Every structure is written in structure tokens, then in C-alpha cells.
Amino acid sequence: MSVVSPTRPRRPARHRSHRPRPRRALAAAGVGLLLLSGATTCRALPPEPRLVEIPGVERLRVEVLAEWPHDATAFTQGLVWDGERLLESTGLEGESTLREVDLESGEVLRKVDLDPDLFAEGLARVGERLVQLTWRAGRAFVWDRKSFSKVAEHRYPGQGWGLCHDGRRLVMSDGSEHLTFRDPETFEVIGGVRVGFAGATLRGLNELECAEGWVYANVFTTDTIVRIDPLTGEIRATVDASGLLSTEGRASVDVLNGIAYNPERGTFLLTGKNWPRLFEVVFRGVEEGGGVP
Ligand SMILES: [Ca+2]
């Protein structure tokens, strides 16, 4: 079973079961059980947008400022904006890479192929080092940013999904409703929060971005990004990122996954697994007027 389009049937399934939990869970409109606690997160991806809607939480939309080319063979799992370049982690067994990409041309400038049995996941920059997760191997690789040589490796239990660095600590997701905080040098667990709103939880937290004191998370298989208060785990806003690709364009790619922030430009880059484009966006209130300044 696969969660992706039938055009690439060899893609491994994101197929997980979770133990039931007593807490109430938030559901995504159109996905129903997908994000409910205790559900098996194995569903075919429908063509229509799927959004997480949480009453009482601020709703944001994306305003596209620019579009950039993106390697449509990149199964994006981690995205970091590094000046005029991007650092990207791409997944799938036999295809996983760490890569440096030119933003304007989309050209892959440098690439490291991971061992074929590994499925790369989240990526974060910590100074002159890059930390890259793997999905189920429990291995995190530390790369030198300049040489792309591996300088260390950490082990961790469970799954690795998203990763970001808030300047002080690493924030890691594992597909559940939990965010784990880790020491950026030792990778030891130094804290964590359960993510949700008003006592309900939201699972499926995927690619992450630490920006302006918030943690932003792609919500797996949806077109929603959530803004999380890392102190409490509370969801402070939902971002509707549907409509970036046309319906036809969406039919041949996988899910939205990939968010990176540039503090100098104050903008985010969004993309998805095998998407042909990166979108430079700002987030605006749904009632707020549009228009590029
Ligand atoms: Ca990111």
C-alpha cells in the first residue's frame, strides 16, 4: 500500500500503526481518521486538498511572491535555506541524498548519496554542520557544511521525520504528535512537547522549520502547515497551503513537504515530494488583503 500517486508505485509506503491514546485528537477535514489517535495512517492520497481546521485557531493563507525550479525527482524530506542556496535531504531507499541546490536555477551543486538501505529524512543546520535524520534506521548523520564529509553519527530510538534548529536546540518530529528537543552537539533528549490545541492532539508532524520563535510543521498528507508554540506545544495558527500546484500538476506528485525560512528576506520556501517548483511565500491572515508590496 502506498500513500502516493499511482505514477510511482515502487515508492515505499508511509505505513504506520499507532497505539491508541486516551487523549482526543484533532482531525483533518477530508482525511478523517488519518490523524486520529489510534488510527492506522495508511490511506491513498485523494486529489482534493486536505486541510487541518481547528476552531479557535488563527487561519492563515499563503501569498506567493516568487517561484523557483525544483528537481522533480527529489523526494523532499528536509529543506534548509542557506543564502542563495538550499540544503535538501531527499528520501526513498536507494535514492536518499544530502544535496546543495542553487535556488535560482534549481541546479544540484553538490550531492552525497546515502547507503541504499537508508531512507533520509529531516535536515537542520547547526553552525557549520548539518544534521540529517533517517526514517527507521535510528541513525542521524552529522555533515560538515563546507566539505559535505560525514563527521559524526548519532543513534536514536523510534522514527525520524522532521528536524530544525532554533539556535539553541534541535527540534525533531517522528510522525506522532510529539516534538522532541535535543542537544545540537550530543543529540541527547533535553525536553519535548505534545502538540495540539485545547486538549486535543495533532499527529503526523512532518518536515519542520524553526522561525521567529515558532516551530512550523508540515502535517503529513495534508496541505496544512501548523505554527506551534514550542514552549507549550499549542498550535497558534494553521496555514492553508493548498492551491500552490494546479489540480493537474498535483495529480502527478506527492504530498506537500518542505519548508524553509530566510530571516533576511522574511519569506518561506515551500515545496513537496517530487514537486517541480519551490514557492517563495509569506503567510497572511485569510481575511487579509493580498498584493505584493
Ligand atoms: Ca525545514
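Colleague: Which residue in β21 does E58 stand opposite?

Modeller: This is a predicted model. Strand β3 covers residues 58-69, which takes in E58, and pairs with strand β21, residues 235-240, in the parallel sense over four bridges. The residue of β21 that stands opposite E58 is A237.

Colleague: How many bridges join strand β20 to β21?

Modeller: Strand β20 spans residues 224-228 and runs antiparallel to β21. The number of bridges joining β20 to β21 is five.

Colleague: In the hairpin of β20 and β21, which residue takes a positive phi?

Modeller: Six residues lie between the two strands of this hairpin. One of them has a phi near 85°, and that residue is G233.

Colleague: Which strands are the edge strands of the open sheet?

Modeller: The sheet has four strands in the order β4-β5-β6-β7, with antiparallel pairing. An edge strand here pairs on one side only. From one strand to the next the twist averages 15°. The edge strands are β4 (76-82) and β7 (108-113).

Colleague: What is the bridge partner of L86 in β6?

Modeller: Strand β5, residues 85-90, and strand β6, residues 97-102, run antiparallel and are joined by six bridges. In β6, the partner of L86 is V101.

Colleague: Leaving aside neighbours within four places in sequence, which residues is L163 in contact with?

Modeller: L163 is one of the residues touching the most other members of the largest core. Its contacts, with those sequence neighbours left aside, are G78, G122, L123, A124, V131, L133, L170, M172 and L208.

Colleague: Is A198 buried or exposed?

Modeller: Most residues other than glycine have a negative phi, and most peptide bonds are trans. A198 is not a glycine, yet has a positive phi of about 55°. A198 lies in the loop between β16 (196-197) and β17 (200-201). Because A198 has 12 other C-beta atoms within 10 Å, and 12 or fewer is the cut-off, A198 is exposed.

Colleague: Is N274 buried or exposed?

Modeller: N274 is another residue other than glycine with a positive phi, near 70°. N274 is found in the loop between β23 (267-272) and β24 (277-285). The cut-off for a buried residue is 20 or more other C-beta atoms within 10 Å. N274 has 24 such neighbours, so N274 counts as buried.

Colleague: What separates the C-alpha atoms of P116 and E93?

Modeller: P116 is found in the loop between β7 and β8 (120-126), and is exposed, with 11 other C-beta atoms within 10 Å. Leaving aside neighbours within four places in sequence, P116 is in contact with E93 and G94. P116 and E93 are 23 residues apart along the chain, and their C-alpha atoms are separated by 5.5 Å.

Colleague: What percentage of the residues of the protein chain count as buried?

Modeller: The chain holds one helix and 24 strands. Of its 293 residues, the part that counts as buried is 43%.

How values were computed. Residues numbered from 1 in each chain as written. Predicted model: local features only at pLDDT ≥ 70, side-chain atom pairs only at ≥ 80, totals over all residues. Core = buried A, V, L, I, M, F, W, Y, C linked by C-beta atoms within 7 Å. Contact = placed C-beta atoms within 7 Å. Pairing = 2+ DSSP bridges. Axes fitted to C-alpha atoms, helices over the stretch in contact; angles between N-to-C directions.
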